[in-house]
Amino acid sequence: MSPARLPGHHVPGIPASYGPAPVRVHVRAANDGLRRSWHQRLTRAGIPLAEDSQPGPGVVLLAAGRTVDEAVDSCSPPDDPDRRGFLVAAQLVSPDSVLRAVRVGARTILRTADAHPEQLVAAVHSAHHGDGRVPYGVLVRLLGTAQRPVAPAPGIPRAQQAVAPLTPRQTVVLTLVAEGHGNAVIARALSCSEHTVKNVIYELMARLQVRNRAHAVARAVRAGLI
């Protein structure tokens with residue numbers, strides 16, 4: 001079976017100058033053995049490697065580790081958190097670690113067990129285009145389908161805690177709003193529609209009894225909710 005390829009990969013028999021440059025991947029990992037392992041996976045999938053250490057035109061940065069936190073710690077994330085081209089790959093993926101990865105610019109998260117050639121090509125393609133891609137089971141927990149309230153942070157005066165607690169889904173969205181991300185970026189990061197993000201923000205403003213996003217962030221910060 002021929003290796004899966006990204007759009008733009010050179011096809012034998014056609015001069016490379018007639019097509020767009022291929023998407024290349026630069027791997028940063030927690031150790032050399034892990035880095036070599038991902039080099040082999042990428043090569044089997046037909047994805048060329050790059051020496052560039054930062055995402056850019058035609059280059060995706062792949063950070064690999066046993067956990068998402070380990071992967072993120074293995075490299076310097078992109079200078080611009082909204083910049084495309086940052087892919088995180090890990091054996092263990094948890095909602096909290098995914099949120100951290102999103103905060104530093106990752107939009108695509110891949111489980112090592114899912115990194116078969118076709119899935120790896122799709123993940124690199126998503127990262128290159130800035131699309132959100134998160135393992136489904138983690139996404140369900142991250143968006144808080146179980147409406148478990150999040151307790152306010154300790155040390156906040158009781159007078160400031162007189163705010164209805166937020167659901168996990170509301171906490172994730174409001175945290176990203178507080179970091180300056182717009183609805184489109186939040187939707188891509190969480191693999192949902194902008195309409196869903198807007199609905200969550202409307203729910204937030206009603207729960208916090210505020211009129212706009214900035215007031216919602218300020219009230220939630222004062223109450224220790226984010």
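Which strands does helix α4 lie across? Helix α4 (residues 117–129) lies across β1, β2, β3 and β4, and runs at about 165 degrees to β4. Angles here go from 0 to 180 degrees between N-to-C directions, with axes fitted to C-alpha atoms, for helices over the stretch in contact, and contact means heavy atoms within 4.5 Å. Helices (H or I, at least four residues) and strands (E, at least two) are DSSP runs, numbered from the N terminus.

A quick word on what you're looking at: this is a predicted model, where local features need pLDDT of at least 70, side-chain atom pairs count only at pLDDT 80 or more, and totals for chains, interfaces and linings use all residues. Residues are numbered from 1 along each chain as its sequence is written, and side-chain values use heavy atoms, leaving out hydrogens and water.

Now for the sheet. Its four strands form an open sheet in the order β1-β2-β3-β4, with parallel pairing; strands pair if DSSP finds at least two bridges between them. At the edges sit β1 (24–29) and β4 (108–111), each pairing on one side only. Between β2 (residues 59–67) and β3 (residues 86–92) there are six bridges, and glycine 65 has alanine 90 in β3 as its bridge partner.

Next, follow the loop between β4 and α4 to find threonine 112. Threonine 112 counts as buried because its relative accessible area is 16%, and buried means under 20% (1.4 Å probe, protein chains only). Threonine 112 touches Trp38, Arg41, Ala90 and Gln91, leaving aside residues up to four places away in sequence.

How values were computed:
Buried < 20%, exposed > 50% of the residue type's maximum accessible area, 1.4 Å probe, protein only.
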